[in-house]
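Have the sequence and the 3D view open as you read.

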Amino acid sequence: MVRRIICVLVLLLWLPSLQAGAVPMANDPNGFEGITWGANLADSDSFVKVEDAGRLRNFELKAGVPTLGNSNVDSMRFMTIDGQFARVTVRYHGKEVHDQVLGYLQNQYGPLDRTPGQIAGGVVKFLSWQGWDSEITLRYDTRTDQGIIFFESQTLRSKLAEGNSATVF
């Protein structure tokens, strides 16, 4: 009986390690599409400010439809905190676009680990690449065919969370 309890406890402690985890990033860009983390976007002619929330400011590209790789996406927001470029949020929809975006991300940052247990199943897929300076997190809902990708600075991420409640998502 004691042996079974110990086995169950060990199994319960071991199961979380089987969940999908981040893939080490093959090529950490230290930014996004040639823009280095910490850059001042307000001084660039390429961006227009769309939201100002004190320490946080959101920008969008001035020209054209936003693209990621060869795929047109619904939106692309560039966030700064205290004037430093910290995050890009990309939203898209459609299975075809998802497949193209996923191919682009794997080509740029490294292939996903296809070992059973490394990619979470279910209707919502979470995938991530982690480097020394950057982290990329993709969330795709297969029911609605909608995806969102966060490209974030590892260093500035803690600043983005400052002052937020632990329950804020």
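## A pair of strands

In which sense do strand S9 and strand S12 pair, and over how many bridges? Strand S9 (residues 84–93) and strand S12 (residues 146–153) are antiparallel partners, with seven bridges between them. Here, strands pair if DSSP finds at least two bridges between them; helices (H or I, at least four residues) and strands (E, at least two) are DSSP runs, numbered from the N terminus. Within this pair, Arg 91 sits opposite Ile 148 in S12.

This is a predicted model, where local features need pLDDT of at least 70, side-chain atom pairs count only at pLDDT 80 or more, and totals for chains, interfaces and linings use all residues. Residues are numbered from 1 along each chain as its sequence is written, and side-chain values use heavy atoms, leaving out hydrogens and water.

## The whole sheet

Zoom out and you'll find eight strands in an open, mixed sheet, ordered S1-S10-S11-S12-S9-S8-S5-S4. Strand S1 (23–24) and S4 are at the edges with a single partner strand each, so one side of each has no neighbour in the sheet.

## The hairpin

Over at S4 (residues 47–53), six bridges link it to S5 (residues 56–61), and the two run antiparallel. Ala 53 has Leu 56 in S5 as its bridge partner. The two strands make a hairpin with two residues between them, and Gly 54 in the turn has a positive phi of about 75°.

## A loop residue

Ala 42 is in the loop between strand S3 (35–36) and S4. Ala 42 counts as exposed because its relative accessibility is 53% (exposed is over 50%, buried under 20%, partly exposed in between, with a 1.4 Å probe and protein chains only).
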